[in-house]
Amino acid sequence: MCEPVSITMAVMAVAGAAIGASEKAKAEGQAENARRKSQIEMIKQMNIANADLSLEAKDKAEQARQQMTEINLKSLRNRGMVAAAIGESNLAGNSMNRIKQVTDAQSSRETMSVLDNYQRDYQTIFANQVGNVENTKSQMNSSAPVFRTSKVAHALNVVSAGMGGAAQGYGIDKQMQAK
């Protein structure tokens, strides 16, 4: 026959353990949600930074195109002036060809300078984009996962608490009977 003290103690222990398991599961769920929100925010920040860098790359490309257009126009103007000067002077020969080549070489140097600057800027921007992605990956990988307690473990804790409560109640009942 079951003693009322054992039953009461077992029910109270089971109820306490069930509430504790429920609260622990809620806390684990909230921790996991916070971790996910943090990761989502990291990805948003990475995407914003990469979008800014992409816009910067487009700006650099546009600047390079404008400079190339200016160089080409200047080169055409210089060639025209050299050709007109050679024509007006009625001179010919290797010296005049050399003057034309020097003018062409100068515009070629300016063109290469613009291209080198653009490539250097683009490489820097691309490296920053890759760095943003890699930093975000490492931050996400280093965020500690939330280890959730299994439902079986919760159930065993509740049963164990019930058994412990029943044993305490049985012990109390035996002490009361002994007196």
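**Exercise 1.** Is Arg79 buried, exposed or partly exposed?

*Solution.* The model is predicted, so local features need pLDDT of at least 70 and side-chain atom pairs count only at pLDDT 80 or more, while totals for chains, interfaces and linings use all residues. Residues are numbered from 1 along each chain as its sequence is written, and side-chain values use heavy atoms, with hydrogens and water left out. Buried means under 20% relative accessible area, exposed over 50%, and partly exposed in between (1.4 Å probe, protein chains only). Arg79 has a relative accessible area of 41%, and is therefore partly exposed.

**Exercise 2.** Find which residue forms a salt bridge with Arg79, and state where the two partners lie.

*Solution.* A salt bridge requires a side-chain nitrogen of Lys or Arg within 4 Å of a carboxyl oxygen of Asp or Glu. The partner is Asp104, with the closest N and O atoms 2.8 Å apart. This pair links distant parts of the chain, since Asp104 belongs to helix α2 and Arg79 to helix α1, 25 residues apart. Asp104, at a relative accessible area of 32%, is partly exposed.

**Exercise 3.** What separates the end C-alpha atoms of helix α2, and what span should its 49 residues have?

*Solution.* Helices are DSSP runs (H or I, at least four residues), numbered from the N terminus. The expected span is 1.5 Å times one less than the number of residues, so the 49 residues of α2 (residues 94–142) should span 72 Å, which agrees with the 70 Å between its end C-alpha atoms. The buried residues of α2 include Met96, Val114 and Ile125.

Notes. Helices (H or I, at least four residues) and strands (E, at least two) are DSSP runs, numbered from the N terminus.
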